[in-house]
Amino acid sequence: MAQAEKSAERGTGELLTVNMGPQHPSTHGVLRLELVLDGEVVVHCRPVIGYLHTGIEKTFEAKSYIQGVVLTDRMDYLNPLGNNLAYALSIEKLIGCEIPERATVLRVLLAELTRVASHLMFVGSMALDLGASSPFLYCWREREHILDFFETISGVRMMTSFIRPGGLVRDVQPEVLSAVSAFLETMPGHIDEYEELLTANPIFRERTEGVGILSADDALALGVTGPTLRGSGVALDLRKANPYCGYEGYDFGVPTGTHGDCYDRYLVRVAEMRESVAICRQALDRMPVGSVRTSDRKVMPPPREELAKSMEAVIHHFKLWTEGICPPAGEAYVGVESPRGELGFYVVSDGSGRPVRVHERAPSFANLQSLPKITEGGAVADVVACIASLDPIMGEVDR
Amino acid sequence: MTVSDTLLEAFGADAIATPADLIPTIQVPLGSIEAAVARVQKEFGYTRFVDLTAVDLLSREERFELVYLFYSLDSNAWIRLKTRTDQQAPSITPSVPGANWYEREVFDLFGIEFVGHPGLTRIMLPDDWQGYPLRRTEPLGSEPVDFTVTRKVYGTG
């Protein structure tokens with residue numbers, strides 16, 4: 001943090017405690033920091049969380065497995081489809097049901113679109129936190145397109161609950177897929193636009209380069225994952241390391257940083273957007289035809305037309321909407337790569353229609369633990385850049 | 001020999017069957033959890049701490065199950081350690097800094113005390129909160145929504 005030392009005025013040694021947040025525009029929700037300052041230098045930083053705690057994990061225990069999907073949207077609200085996916089994968093692991101190929105490819109497409117939308121939000125809000133307000137508007141322009149797709153397919157812009165145990169809610173219309181395809185054509189050009197505004201911008205670089213350095217060892221020790229870990233040079237991406245949804249069949253790179261500073265974390269995310277666009281294109285190219293729901297009637301209800309013809313279908317329908325899914329007793333955890341890092345739901349079942357325990361391994365929760373490490377010793381003005389570069393979502397930190 | 005076999009041998013009779021997610025799971029006695037974590041991290045290379053949570057099994061003795069998850073960057077695999085406790089557990093935060101907030105969360109929501117933790121305070125709930133909400137004996141709780149039509153039902157006005 002040499003740069004910070006230079007620019008920051010060390011005080012007289014008289015310490016001042018400053019409370020930052022929870023209502024502060026750069027805390028991305030309701031994060032509170034207790035800062036102990038010596039002049040402009042942060043001596044001690046203590047994050048205080050819990051302002052958004054809504055007992056989601058407790059609520060899970062009173063809901064059926066299908067109702068639980070709705071709660072996952074609300075944890076990381078910038079990555080709703082990714083959360084749906086992680087939750088669905090855990091439950092499918094418990095049940096051991098097969099997902100049709102089309103559903104798997106659509107899941108990859110939707111998860112990657114969500115990743116792009118989430119990183120757009122990151123680039124926009126990080127720039128905004130550092131005083132550049134125009135990139136935010138451009139990022140939101142493209143994010144809006146992605147949310148429009150989500151609205152067309154699911155009826156909701158953000159809280160889609162579209163990926164469910166057993167597949168998808170319904171098929172995605174071909175018109176949407178061609179619209180996505182057209183959008184993906186323009187996206188690399190848009191990413192160039194943001195990069196033109198930020199990547200070489202001397203003010204942006206001054207505020208981020210050499211600021212908030214997190215070494216690879218510290219990052220691993222603190223449980224940091226995702227782009228924040230990759231910014232520190234560790235090429236761990238669960239899509240590559242432990243592929244799910246057939247990610248092993250897609251061609252994409254894992255961008256990493258070298259210095260572990262805020263600038264590297266920014267660069268990693270911008271590069272990831274390009275990789276995600278490439279994955280989306282590959283998913284569209286290989287889009288198979290067929291059903292998007294598993295044929296396991298204990299997981300997904302039978303199609304409407306079967307109800308008039310088959311008594312068994314009526315029974316399945318009735319059981320599923322009264323008891324819900326009843327996975328066999330056991331536990332499952334499936335780690336997926338969310339835009340923020342390793343996300344996974346640890347689901348414990350006792351064989352009934354309600355889970356015993358659903359625990360979310362939230363990437364932001366672990367990532368936020370590194371905040372004292374990267375802010376202490378730096379200037380108080382850089383705290384904002386450090387928070388922004390971690391991209392925490394308080395919804396999943398506090399749950 | 002697979003990692004799983006090595007672990008089975010190393011941990012002897014305490015190893016248990018692989019669950020649905022195929023993550024090797026080892027049950028260790030409460031007293032040796034620190035040693036087991038150190039072994040898993042240093043000897044077997046599962047260096048990255050991933051997750052720690054608890055499950056309330058509602059049993060008369062050893063009511064809570066602590067579930068630790070680690071990840072190996074060499075073999076790209078997870079490993080799960082489990083231990084049972086009633087009230088207290090040794091803290092692994094001194095050797096695994098990443099477990100700090102996770103232990104605070106389990107303390108906050110389950111009331112399990114981690115002995116040796118550097119700052120074991122409530123993390124999600126207010127400091128003066130009574131009770132431990134994720135225990136299954138805690139009622140879910142609800143707040144009647146104030147609609148004019150429901151006031152008579154709940155007697156709220």
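User: How many helices and strands does chain B have?
Analyst: Chain B has four helices and six strands. Here helices (H or I, at least four residues) and strands (E, at least two) are DSSP runs, numbered from the N terminus. This is a predicted model, where local features need pLDDT of at least 70, side-chain atom pairs count only at pLDDT 80 or more, and totals for chains, interfaces and linings use all residues. Residues are numbered from 1 along each chain as its sequence is written, while chains are lettered from A and ligands numbered from 1 in the order in which they are written.

User: What pattern does chain B follow along the sequence?
Analyst: It reads α-β-α-β-β-β-β-α-β-α.

User: And how much of chain B is buried?
Analyst: Buried residues are 37% of its 157 residues. Buried means 20 or more other C-beta atoms within 10 Å of the residue's own, with C-beta atoms placed from the backbone.

User: Switching to the interface: how many residues of chain A are in contact with chain B?
Analyst: On chain A, 34 residues are in contact with 26 residues of chain B; contact means C-beta atoms, placed from the backbone, within 7 Å.

User: Which element of chain A gives the most to that side?
Analyst: β6(A) does, with six residues. The side of chain A that touches chain B divides into 16 nonpolar, 10 polar and eight charged residues. Ala, Val, Leu, Ile, Met, Phe, Trp, Tyr, Cys and Pro count as nonpolar, Asp, Glu, Lys and Arg as charged, and the others, Gly among them, as polar.

User: OK, now α6 of chain A. How many residues does it have?
Analyst: Helix α6(A) covers residues 134–154, so 21 residues, and reaches 30 Å from first C-alpha to last, close to the 30 Å expected at 1.5 Å a residue (1.5 Å times one less than the number of residues). After α6(A) comes A:G155, with a positive phi near 95°.

User: What do its buried residues pack against?
Analyst: Those of α6(A) pack against α5 (101–129) and α7 (174–198) of chain A. Among them are A:H145, A:F149 and A:I153.

User: At what angle do α6(A) and α7(A) pack?
Analyst: About 165°, with axes 10 Å apart. Axes are lines fitted to C-alpha atoms, for helices over the stretch in contact, and angles run from 0 to 180 degrees between N-to-C directions. The two helices are therefore roughly antiparallel, the term for angles over 145 degrees.

User: What sort of residues make that contact?
Analyst: The contact of α6(A) with α7(A) has 13 nonpolar, four polar and two charged residues.

Technical notes:
A residue is buried if 20 or more other C-beta atoms lie within 10 Å of its own, exposed if 12 or fewer, and partly exposed in between; C-beta atoms are placed from the backbone. Two residues are in contact if their C-beta atoms, placed from the backbone, lie within 7 Å. Angles under 35 degrees count as roughly parallel, over 145 as roughly antiparallel, 65 to 115 as roughly perpendicular and the rest as oblique.
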